[in-house]
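Good morning, and thank you for coming.

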Amino acid sequence: MKRSLGLVIALCCRTFSGNATASAAELKPVASVTLPCESTYQMISPTGKTLAALCDADRSLRVVDIASGKELFAQASDIRISASDFSRDGKWFAVGFWDGTVKIVPLAGGAGQQWKVSEHRIHTIEFLRDGHSVFIDALGDSGQIWDLRDTAKPVAMLHSDFSGPSAVATSADGKLFATAGGDTVIRIYDTGTWKMLHENRSASKLEMFDMDFTPDGKYLLAGGADDHLLVIDPATGEETRKLGGPSGVIDDVSALGDNTHVAVEYVDADDVNKPSVHAIWNLNTQKVEIMPGLEEVTSHRMVNGKLWFASTKGTALQIFEYN
Amino acid sequence: MEMKRRELLEKCAALGALTIASGAMPVAAVARAWDDAEKRKTPTPWCELGPFYKRDAPHTMMLRGANDPGMPLAVAGTVYSVAGNILQDATLEIWQTDNAGHYDNEGYLYRAIMKPDGKGGYAFESVMPGHYPARVGQHVHYLVTAPGHKPITTQLYFATDPVFQGDPDKNMKVDPLITSRELIRPVVIKGDPGTHIVAAVNFDIVLEKA
């Protein structure tokens with residue numbers, strides 16, 4: 001599941017549109033909220049209680065409570081915002097900036113932390129499952145793990161041959177952390193020691209954009225520019241399957257809670273204004289189904305093992321759950 | 001004839017015009033240090049890798065086919081260390097779009113790996129890359145590595161790119177991914193307009209020590 005605004009920045013202001021007929025049986029409305037601004041990109045928190053909206057007009061980032069619509073936090077874009085993430089419990093929010101600065105704020109109010117991580121743009125921020133650590137990728141640098149207790153301090157540097165590990169995933173038990181990125185290498189780390197356990201240099205020749213573990217930890221799933229969904233055995237780091245289906249660059253990989261299905265977003269690299277394709281892979285049958293469409297899909301997120309989609313019209317946002 | 005710094009220093013010292021304090025470096029060493037300082041080069045500015053790097057590209061200097069559409073492009077340069085020494089053992093990986101702005105992710109069109117020659121020089125022939133919706137400026141991606149040096153990812157841009165409206169100094173910010181004006185290189189049109197012309201660009205690469 002992606003924690004960067006990388007493609008959003010690169011692609012600017014594309015809109016997402018479903019490419020198939022919506023099925024009422026498969027998409028259940030779960031919430032609606034009025035956003036503080038018009039937004040074509042949002043991030044729903046893992047708890048499903050809050051979301052962050054990137055405002056189209058001024059590129060500010062607004063975090064709102066989904067139930068009440070109350071604004072909990074606003075980040076102006078005087079320095080361009082390039083990444084963000086919610087902590088797993090939804091209590092903290094992280095923002096990365098174009099100038100290499102990172103800001104972590106408590107959404108209940110109170111003092112946060114802000115510090116300079118790099119001279120380069122922050123590409124990815126992802127909270128770890130331990131509740132007090134965060135992964136930060138500044139483009140071109142090694143990946144960094146920071147401990148946020150008291151004053152933020154670095155605890156590990158995660159190597160890549162070049163460019164930095166921009167796609168990451170944490171196993172559900174929090175013990176494994178996987179990285180991939182521009183150097184095309186998949187690496188798996190022990191989060192207790194930050195020692196690298198496995199390195200796979202052969203699974204992909206093209207850069208990878210996103211990865212996720214199945215909740216049971218049996219598979220690591222990775223996708224990127226070569227449009228194949230890679231299925232990796234985390235115990236060995238070896239590729240077990242390579243699933244080729246819809247064409248396009250894989251921009252998002254999200255394992256569903258049943259340990260069997262995986263939601264994959266495919267983007268047309270040649271024409272980013274084309275609607276992206278959302279597909280569901282079945283890891284057992286190795287078959288893929290194109291997702292039913294929505295008028296304007298502006299966000300999706302795994303919430304309690306279920307796939308949520310957000311769709312906006314103006315400032316009205318609706319959230320649907322895929323069943 | 002121009003006199004080198006070292007020769008000038010040595011002559012000055014011989015004529016007593018330059019005093020080297022007792023216990024300090026000998027004149028030759030001072031001259032060498034001076035020469036070294038003059039040879040030093042500024043590292044090539046970094047630019048982000050993406051998108052669409054692909055490993056194991058073919059070893060070639062000819063990226064374009066005989067009938068490929070687009071303005072023929074000839075890029076040449078030298079790979080140096082910051083100390084100003086040539087790096088013959090460097091490896092350059094180059095990738096770009098075709099003239100329509102399309103990356104070949106299935107195959108290896110407009111992708112190449114090359115090694116500098118005995119003088120640290122490299123050169124390749126291609127076509128001027130196209131624009132594509134996700135990026136503002138035309139560009140060629142570079143990944144350059146050399147033993148004992150930090151790998152660099154960077155991008156070559158063209159001063160003739162219409163997005164700069166003839167003034168890259170003023171308009172380089174139209175592409176927010178351009179990290180330095182140095183990466184926007186002048187383009188010289190060479191050849192015979194009646195038969196064959198080529199856009200020629202020089203782009204030296206300077207690597208920092210690891």
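I start with the hairpin of β12(A) and β13(A): five residues lie between the strands, and A:Asp150 takes a positive phi near 55°. Strand β12 covers residues 143-147 of chain A and strand β13 covers residues 153-158; they run antiparallel and are joined by five bridges. When I speak of strands and helices, I mean DSSP runs numbered from the N terminus, with at least two residues in state E for a strand and at least four in H or I for a helix. Two strands are said to pair if DSSP finds at least two bridges between them.

A word on provenance. This is a predicted model, in which local features need pLDDT of at least 70 and side-chain atom pairs count only at pLDDT 80 or more, while totals for chains, interfaces and linings use all residues. Residues are numbered from 1 along each chain as its sequence is written, and chains are lettered from A and ligands numbered from 1 in the order in which they are written. The model scores ipTM 0.84 and pTM 0.87.

Let me turn to strand β19 of chain A, residues 220-224. Why is this strand described as largely enclosed by the rest of the structure? It is so described because five of its five residues are buried, a residue being buried if 20 or more other C-beta atoms, placed from the backbone, lie within 10 Å of its own. Both faces of β19(A) are covered, with A:Leu220, A:Ala222 and A:Gly224 buried on one side and A:Leu221 and A:Gly223 buried on the other.

β19(A) also takes part in two hairpins. On one side of the sequence, strand β18 (residues 208-213) of chain A pairs with β19(A) in the antiparallel sense over five bridges, and A:Asp210 has A:Gly223 as its bridge partner. Six residues separate β18(A) from β19(A), and in that turn A:Gly217 has a positive phi of about 75°.

Next, a sheet in chain A. Four strands form an open sheet in the order β2-β3-β4-β5, with antiparallel pairing. Its edge strands are β2 (39-44) and β5 (71-75), each of which pairs on one side only. β2(A) is joined to strand β3 (residues 50-55) by five bridges, the two running antiparallel, and A:Met43 stands opposite A:Ala52 in β3(A).

Finally, chain B. Its secondary structure comes to three helices and ten strands, in the pattern α-α-β-β-β-β-β-β-α-β-β-β-β along the sequence. Of its 210 residues, 34% are buried. The mean pLDDT, the predictor's confidence in each residue from 0 to 100, is 90 for chain B, and 88% of its residues reach 70 or more.

Where the chains meet, 19 residues of chain A are in contact with 18 residues of chain B, contact meaning that the C-beta atoms, placed from the backbone, lie within 7 Å.

Methods: Two residues are in contact if their C-beta atoms, placed from the backbone, lie within 7 Å. A residue is buried if 20 or more other C-beta atoms lie within 10 Å of its own, exposed if 12 or fewer, and partly exposed in between; C-beta atoms are placed from the backbone.
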